[in-house]
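This report is for a reader new to the structure shown below.

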Amino acid sequence: MRRLSFILLLISGICAAQNPIIHDQFTADPTARVFNGKVYLFASHDIRSEKNPRGLDWFCMEDYHVFSSDNLVDWTDHGVILKQEDVPWGNPAAYSMWAPDCVEKNGKYYFYFPDAPKNSRGGFAVGVAVADKPEGPYVPQEQQVAGVGGIDPCVLQCSNGDAYLIWSGGGLRAAKLKENMLEIEGQSVDLAAGLPAGFKEGPFAFERNGKFYLTYPYQFDGANNSPEALVYAMSDQPLGPYEYKGVIMPESPVGCWTNHHSFVQFNGEWYLFYHHNDYSPDFDKNRSARIDRVTFNPDGTIQQVVPTWRGVGLSRADRFVEVDRYSTAENATLEFVNPDRRFDGWFIRYAGQARSTYDDVDFNGVKAKKMTLRMRSSSGGSLRVKVGDKTIGEITVPGQTGEWTDFTMPVKGKIAGVQDLAFELTGGSVDLDRVIFGGKK
Ligand code: FUB
């Protein structure tokens, strides 16, 4: 039976998630919220569509999905929760369903989203759709939120029960939400007052230990179209004044123009959700959500977050471990397994004296008697697999393997607990796609 399930896993392609976290569609502008002990991910859904005149060269979104996870690794797609045709006040063909947010109050879920109003010429407004469950169904309000023009709504929920709507439009605006969460009270204020020039869009605000954090995409060229860094400011009051504190994440190393993010605390740890054009290196309007861990300093300031491939969470040893999402690598490069089907993911190419590591593999409950590595090689090479400093197997991959081949070898010694893997090539060149442990010798 165990042998059968091992074979089924090999065939079915179930795999543990790393960065990016969603593997079958684009997921931009990720806002993560914790509801009922699970993390829910509300994201923009980038597509390419010829039905939209700008659908091949600009942002193009027609609907929203919601995803949930109880371990930040396995994500369930609950499907479409709102589409442009459903919005009574929206232009059903605008493809302008940009960055959303969702919060809970008194057992109702309020989903805030930007859209282009009917008959508008390029403008945006913000709407709310309400549900009884985070997964929906969401019912959009008849009208947009009065007094709010712009994009990227985010709700700051304060520990005293107050809530503020913050958005990007004519600068960085904020207003208190009425008890009904559907309307703002009075006039909005400018939250960027006193902050360095360069705020672009996509604000996300939260309260932690009595301090308010305003985090946002920022352009070091003064909002003149350079790639966005994520930065933050802090205040003792939800509506400021905010004091600039520094960079959370620098600009994309490959020039992805936008970044958009959220902070969430889950099971005692803080995480940054953000996006990058991983599956679409040649078109940065097709983005994918990622997660990395956040560390706060004792004085409440935020340490810079280093974007990783590895992401967060444990990878089970008896499911495919996509080792190309490495923790560290030397003399190793990444390529798409199939450039025409990029959601199939990547492989790692080792050349010469090469090494990569992959942290946090969970062997609990896994009889790791053998491991199967999907590899290929043109010149041949010998690959050593280690757990920590201990070699658990070594295999010589012949040259001219052609297609991907599963190489199975026994595991030396007993492996238990959560372990870091290392792969070392001593010469030649080998491509490695993934590894899985289990079964009998
Ligand atoms: O996704 C469209 C826009 O790109 C968002 O509204 C911005 O925050 C940026 O991520």
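## Aromatic pairs

Phe-343 is partly exposed, with a relative accessible area of 29%; buried means under 20%, exposed over 50% and partly exposed in between, with a 1.4 Å probe and protein chains only. The model is predicted, so local features need pLDDT of at least 70 and side-chain atom pairs count only at pLDDT 80 or more, while totals for chains, interfaces and linings use all residues. Residues are numbered from 1 along each chain as its sequence is written, and side-chain values use heavy atoms, with hydrogens and water left out.

A pair of aromatic rings is described by the distance of the centres and the angle of the planes. Rings of Phe, Tyr and Trp (its six-membered ring) pair if their centres lie within 6.5 Å; planes under 30 degrees apart count as stacked, over 60 as edge-to-face and the rest as tilted. By this rule there are 34 aromatic pairs. One of them is the tilted pair of Phe-26 and Phe-343, with 5.1 Å from centre to centre and 50° between the planes. This pair links distant parts of the chain, 317 residues apart: Phe-26 belongs to the loop between α1 (2-12) and β1 (28-35), and Phe-343 to the loop between β21 (328-336) and β22 (346-362). Helices (H or I, at least four residues) and strands (E, at least two) are DSSP runs, numbered from the N terminus. Phe-26 has a relative accessibility of 15% and therefore counts as buried.

The pair of Phe-59 and Trp-98 is edge-to-face, because the planes stand at 65°, with the ring centres 5.2 Å apart. Phe-59 lies in the loop between β2 (38-44) and β3 (63-69), and Trp-98 in the loop between β4 (76-83) and β5 (101-105), so this pair ties together parts that are 39 residues apart in sequence. Both Phe-59 and Trp-98 are buried.

## A ring cluster and charges over rings

Ring pairs also join Phe-35, Tyr-40, Phe-42, Tyr-64, Trp-89, Tyr-109, Phe-111, Phe-113 and Tyr-138 into a cluster.

A charge sits over a ring if NZ of Lys or CZ of Arg is within 6 Å of the ring centre and within 35 degrees of the ring normal. Arg-208 lies over the face of Phe-296, at 3.8 Å from the ring centre. Arg-325 lies over the face of Trp-309, at 4.1 Å from the ring centre.

## A sheet of four strands

Four strands, in the order β9-β10-β11-β12, form an open sheet with antiparallel pairing; two strands pair if DSSP finds at least two bridges between them. β9 (151-157) and β12 (189-190) stand at the edges with a single partner strand each, so one side of each has no neighbour in the sheet.

Five antiparallel bridges join β9 to β10 (residues 163-168), and Gln-157 stands opposite Ala-163 in β10. These two strands form a hairpin with five residues between them, where Gly-161 in the turn has a positive phi of about 95°. Five antiparallel bridges also join β10 to β11 (residues 172-176), with Ile-166 opposite Ala-174 in β11. The hairpin of β10 and β11 has three residues between the strands, and Gly-170 in its turn has a positive phi of about 60°.

How many of the residues of β10 are buried? Six of its six residues are. Ala-163, Leu-165 and Trp-167 point one way from β10, while Tyr-164, Ile-166 and Ser-168 point the other way.

## Cavity and pocket

On a 1 Å grid over the protein atoms alone, a cavity is a set of points where a 1.4 Å probe fits but cannot get out, and a pocket is an open set with protein on both sides within 12 Å along at least five of seven lines; lining residues have an atom within 4 Å of a point. Grid points are joined across faces, edges and corners, and a volume is the space filled by probe spheres set on the points. The structure holds one cavity of 30 Å³ or more. The largest cavity has about 100 Å³ of space, and its lining includes Phe-59, Trp-98, Asp-152 and His-260.

The largest pocket holds about 410 Å³ of space. Its lining has 23 residues, of which Val-254, His-276, Asp-278, Arg-290 and Trp-309 lie nearest its centre. The elements that give two or more residues to this lining are β18 (269-276) and β21, and the largest share, three residues, comes from β18.
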